[in-house]
Amino acid sequence: MNSLESDSGASSVESGGRSNFIRDIIIEDVKSGKHGGRVQTRFPPEPNGYLHIGHAKSICLNFGLAAEFGGRCNLRFDDTNPSKEETEYVDSIMEDVRWLGFQWDGLFYASDYFSQLYEWAVQLIKAGKAYVCDLSADEIRQYRGTLTEPGRDSPYRERSIEENLDLFERMKKGEFPDGSRTLRAKIDMSSPNLNLRDPVMYRILHLDHHRTGSEWCIYPMYDYAHGQSDSIERVTHSICTLEFENNRPLYNWFIEQLGIFPSRQFEFDRLNLTYTLLSKRKLLTLVQQGHVAGWDDPRMPTLSGMRRRGYTPEAIRNLCANISVSKTNNTVQLSLLEHCVREDLNRRAPRVMAVLKPLRVRIDNYPDDLVEEMDAVNNPEDESAGTRQVPFSKFLYIEQDDFREDPPRQFFRLAPGREVRLRYGYFITCTDVVKDDDGNVVELHCTYDPQTRGGNAPDGRKVKSTIHWVSAAHAVDAEVRLYDNLFTKENPGEVEEGEDFTANLNPNSLEVLTECKVEPSLRDAAAGARYQFERLGYFSVDSDSYSEKLIFNRTISLRDTWSKIEQRAKK
RNA sequence: UGGGGAGUAGCCAAGUGGUAAGGCAGCGGUCUUUGGAACCGCCAUUCGGAGGUUCGAGUCCUCCCUCCCCAGCCA
């Protein structure tokens, strides 16, 4: 269950040239003509949860390396444990891999190989390399010994081959209850590597499997299934995460005993991210306990969550290319991911004006019924994106944060008596402030300079600030969901005695704004569409959005120097 | 106290005996109709520590220290 996170790597199609030790090994192997220069990899998730950004590292590595060396990469579901696996997960995994931008060559399931695996087990029994053991799970543990003490041989270790064959067949036929017997490899109970102390190959599980139904009641363990699956697919480079290093001798042992295609395993460091949990078990808990709305909640580090939030596959692939691949335990700062997201969105997201917390503005000297269409640039980073028109009129909304009755030093935006530019509009000057009974500012009176249409002053005078706005009469109502880190700690797994990781949940990770006003061009925005709300950040239309009610997710804010200045001033 | 891995800047990371790449973050500046973007500059006399070999060591040798993984009929 935790393993998926474990099979991951990094690199991407566009990372192509970036060096990492696995790539170096492949270059050597190709050069020396190993396997005829053929490169075959695989991405082997267990369908027991949704893919997250840690898996993206593995996907990019496996598919990226195959692509770079003209090889092939399979998608193989490691479905050897029917108690945890579901079809829902295999569907989501396929969708996510495709969304990330990869297409597998072969699509396989470890369960495709159950018959072959069974035959090989019989072969090992006949060779005296495996035996049926009647020890209980608890007894097996006791016989295994400890890190510093060798284990003891099972009393069933020396059963005759005939008896083993008979028992194993009856296990398969369902004659024995769950947990009553196992098939074990006969290796070495005193090995310093605990994985080699007669590991369990098969356990009895009277459970329906998502693909094989009730055909089997014995299921192979990971160690007995994974290497052979690789071998069957003639995988040349089987890439997995560091915690499987101890399993490599066992991976090799089965392949050697069976004399089958010698796939080789290489281990790399999995991805960790600050303020983020990448454990499928814990993510499942968040979903089941309702701390988030589902696997695709935009606060989740799942690929489906990030997709819904508005992250692009390119940004994620870019992160994977940036972090490289090594063998050191590491935790990448979230800011690097955020950088990748901004970098990509900056290039491609159309700009648009939206006011999240509206403050009404009346332009006293502007004609009551006049509406002007102002030309606005869609994307300064991309001339081909063209321009659009935005309506301007006497009543507007601006951002509450863009006005201060008593502006601090370095605050350049609107204040009483101060002139600013309305982007693509006019220069306006604040002349009066209207407050409610509680003293809250509810409306501003301003005057505009008709000479500054479009935002340029013929007399060349400068203004310190440009702010965004929306015409009140033309604005479209919208809901905007603001997200913050799901956890308050850099390492969400770090908890006080007696607490679990949910104690580190950020109570303010979601803020819903329901009174937002967006420019009319957004009226028919399609779900999934991504925009930059000028001066605010990148937003995408949520899948909950429908025609009467626009809903946006804030993907990520723009870099905000003003908030830095402000925070520094507070200290 | 067994075995398997890993230590280069706040984070990630190149480096494979010839004098410490790059990115993120941070800091300073230029430019700007987004306090965005872009651009320029600064940011490791030193590579976990101590010895040793060498004309020369992050790279080789010795000892030491720290961190991670393994005692599921999970993956």
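Predicted model: local features only at pLDDT ≥ 70, side-chain atom pairs only at ≥ 80, totals over all residues.
Strands here are DSSP runs of E with at least two residues, while helices are runs of H or I with at least four, and both are numbered from the N terminus. Two strands pair if DSSP finds at least two bridges between them. Strands of a sheet pair through backbone hydrogen bonds, either parallel or antiparallel.

## A pair of strands and a helix across them

Let's look at β5 (residues 182–185) and β6 (residues 200–204): they pair in the antiparallel sense over 3 bridges. T182 stands opposite R203 in β6.

Contact means heavy atoms within 4.5 Å.

W562 has its place in helix α13 (residues 561–570). Is W562 buried or exposed? W562 is buried, because its relative accessible area is 14%; buried means under 20%, exposed over 50%, and partly exposed in between (1.4 Å probe, protein chains only).

Leaving aside residues up to four places away in sequence, W562 touches P408, R409, Q410, F411 and R413. W562 and L319 are 243 residues apart in sequence and 27 Å apart in space, C-alpha to C-alpha.

## How to read the numbers

Residues are numbered from 1 along each chain as its sequence is written, and chains are lettered from A and ligands numbered from 1 in the order in which they are written. Local features need pLDDT of at least 70, side-chain atom pairs count only at pLDDT 80 or more, and totals for chains, interfaces and linings use all residues, while side-chain values use heavy atoms, leaving out hydrogens and water.
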